[in-house]
Amino acid sequence: MTVIRVEDLSKVYDSGFQALKGIDLDIQRGEIFALLGPNGAGKTTLISVICGLVNASGGRVLVDGHDNVTDYREARSRIGLVPQELTGEAFSTVWDTVSFSRGLFGKPASPLHIEKTLRSLSLWEKRRNKLMTLSGGMKRRVLIAKALAHEPQILFLDEPTAGVDVELRRDMWEVVRQLRENGVTIILTTHYIEEAEEMADRIGVIRAGELVLVEEKRELMRKLGSKALTLHLCEPLSRIPEALADHDLTLAEDGHALVYTYDASRQGDPEGDPAAIAELLAALQAAGIHFKDLHTRQSSLEEIFVSLVQESA
Ligand SMILES: Nc1ncnc2c1ncn2[C@@H]1O[C@H](COP(=O)(O)OP(=O)(O)OP(=O)(O)O)[C@@H](O)[C@H]1O
């Protein structure tokens, strides 16, 4: 199942700056893994080392069992890397650019594969266009087509939607999902928590060169997400009554709502919060406080992420 194994990886740049500190990470075949982290955390350094563009100072990387230093060609041929920007080549056509990328890996020409790739990225109609004439969205698709030209099993996307509008972002997400459905393993770096929340099966958080967390997205949200139960009251309160002092409540909306915050990880725990909620509701009734509506809200990955990064700061 493991398609990439990263063992005790470290990187010290010539300047003496240590960008990666003993990273251990396994990527599973067929997953979408999102690497989240603030600016300068080491995301680009990590994927550059895995892709063999930057030398590690310590540790090793196995790609499908092939060491990415001693067995560079085998390792590299399995990887496609989608950089942030398209450089040069403004006057080349889409077809030529993508075909050329395949050639760089020493693969024999395969017009069939190039056609399939262009069609899957809705670039077929544009194949004769020069890159300079393409829209930003189309250029991003060309970057992906180039990275897929040599038929890699693993695709790295470095900030795939940095600086694009919402519509294009959704478009790109759809493209990535489609690739995964076709069996490609995806590793993406992102600043956008929304992107990780939307796309990822697993999330890694990197901070100051250390992986501070790797977790299934669902598990992460279950474990760390707090829930808030908001009760909209029939009659506003000026303060929380004594009888409810034992319950962890706050008054909101000018006294028109009571908010109870609890740990979502204890859901389903008979000793935990469901009992506490039942008790709370009973106590409200006993105190003669009636509510006309209620809703619960789970904290988003964004809130979870911010608290994580602050916690380890
Ligand atoms: N060639 C280099 N020489 C010295 N330091 C470098 C070099 N490249 C990157 N760094 C430093 O290493 C750290 C990690 O950089 P990296 O680009 O990996 O971060 P990142 O998480 O990808 O950030 P961003 O989201 O801003 O791209 C930064 O502090 C950066 O200044």
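Which residues of H5 are buried? In this predicted model, where local features need pLDDT of at least 70 and side-chain atom pairs count only at pLDDT 80 or more, totals for chains, interfaces and linings use all residues. Residues are numbered from 1 along each chain as its sequence is written. Helices (H or I, at least four residues) and strands (E, at least two) are DSSP runs, numbered from the N terminus. A residue is called buried if 20 or more other C-beta atoms lie within 10 Å of its own, exposed if 12 or fewer, and partly exposed in between, with C-beta atoms placed from the backbone. On that count, the buried residues of H5 are Arg-140, Arg-141, Val-142, Leu-143, Ile-144, Ala-145, Lys-146, Ala-147 and Leu-148.

Helix H5 has 13 residues and reaches 19 Å from its first C-alpha to its last. This is close to the 18 Å expected at 1.5 Å a residue, where the expected span is 1.5 Å times one less than the number of residues. The buried residues of H5 pack against strand S6 (79–82), H3, helix H4 (111–120), strand S7 (154–158) and helix H6 (166–181); two residues are in contact if their C-beta atoms, placed from the backbone, lie within 7 Å.

One of these partners is helix H3. H3 (residues 94–104) and H5 (residues 136–148) pack at an angle of about 35°, and their axes are 7 Å apart. Axes here are lines fitted to C-alpha atoms, for helices over the stretch in contact, and angles run from 0 to 180 degrees between N-to-C directions. The crossing of the two helices is right-handed, meaning that the near helix is turned clockwise from the far one by less than a right angle. H3 contributes Val-94, Thr-97, Val-98 and Ser-101, which meet Val-142, Ala-145 and Lys-146 of H5. These contact residues divide into 4 nonpolar, 2 polar and 1 charged, where Ala, Val, Leu, Ile, Met, Phe, Trp, Tyr, Cys and Pro count as nonpolar, Asp, Glu, Lys and Arg as charged, and the others, Gly among them, as polar. An α-helix has 3.6 residues a turn, so residues three or four places apart point the same way.

Within H3, Val-94, Thr-97, Val-98, Ser-99, Ser-101 and Arg-102 are buried, and their cover includes H4 and H5. Just after H3, Gly-106 takes a positive phi of about 70°.

Two strands pair if DSSP finds at least two bridges between them. An open sheet of 6 strands has the order S6-S7-S8-S3-S9-S10, with mixed pairing. Its edge strands are S6 and S10 (210–216), each of which pairs on one side only. The twist averages 15° from one strand to the next. Strands S3 (residues 32–36) and S8 (residues 185–190) run parallel and are joined by 5 bridges, with Ala-34 opposite Leu-188 in S8. H5 lies across S6 and S7, at about 160° to S6, while H6 lies across S3, S7 and S8, at about 155° to S8.

The loop between strand S9 (202–207) and S10 holds Ala-208. Ala-208 has a positive phi of about 50° although it is not a glycine. Most residues other than glycine have a negative phi. With 17 C-beta neighbours inside 10 Å, Ala-208 counts as partly exposed.

A second open sheet has 4 strands in the order S2-S1-S4-S5, with antiparallel pairing. Strands S2 (18–28) and S5 (66–67) stand at the edges with a single partner strand each, so one side of each is left without a neighbour in the sheet. Strand S4 (residues 58–63) and S5 are joined by 2 bridges, and Leu-62 stands opposite Asp-67 in S5.

Strand S13 (residues 257–263) has a covered face of Leu-258, Tyr-260 and Tyr-262, and an uncovered one of Ala-257, Val-259, Thr-261 and Asp-263. In a regular strand the side chains alternate between the two faces of the sheet. S13 also pairs with strand S12 (residues 249–252), antiparallel, over 4 bridges. In the hairpin of S12 and S13, with 4 residues between the strands, Glu-253 takes a positive phi near 50°. Glu-253 is exposed, with 12 other C-beta atoms within 10 Å.

S11 is also joined to S14 by 7 bridges, again antiparallel, and Leu-233 has Phe-291 as its bridge partner in S14. Of the 8 residues of S14 (residues 291–298), the number buried is 0, so the strand lies largely in the open.
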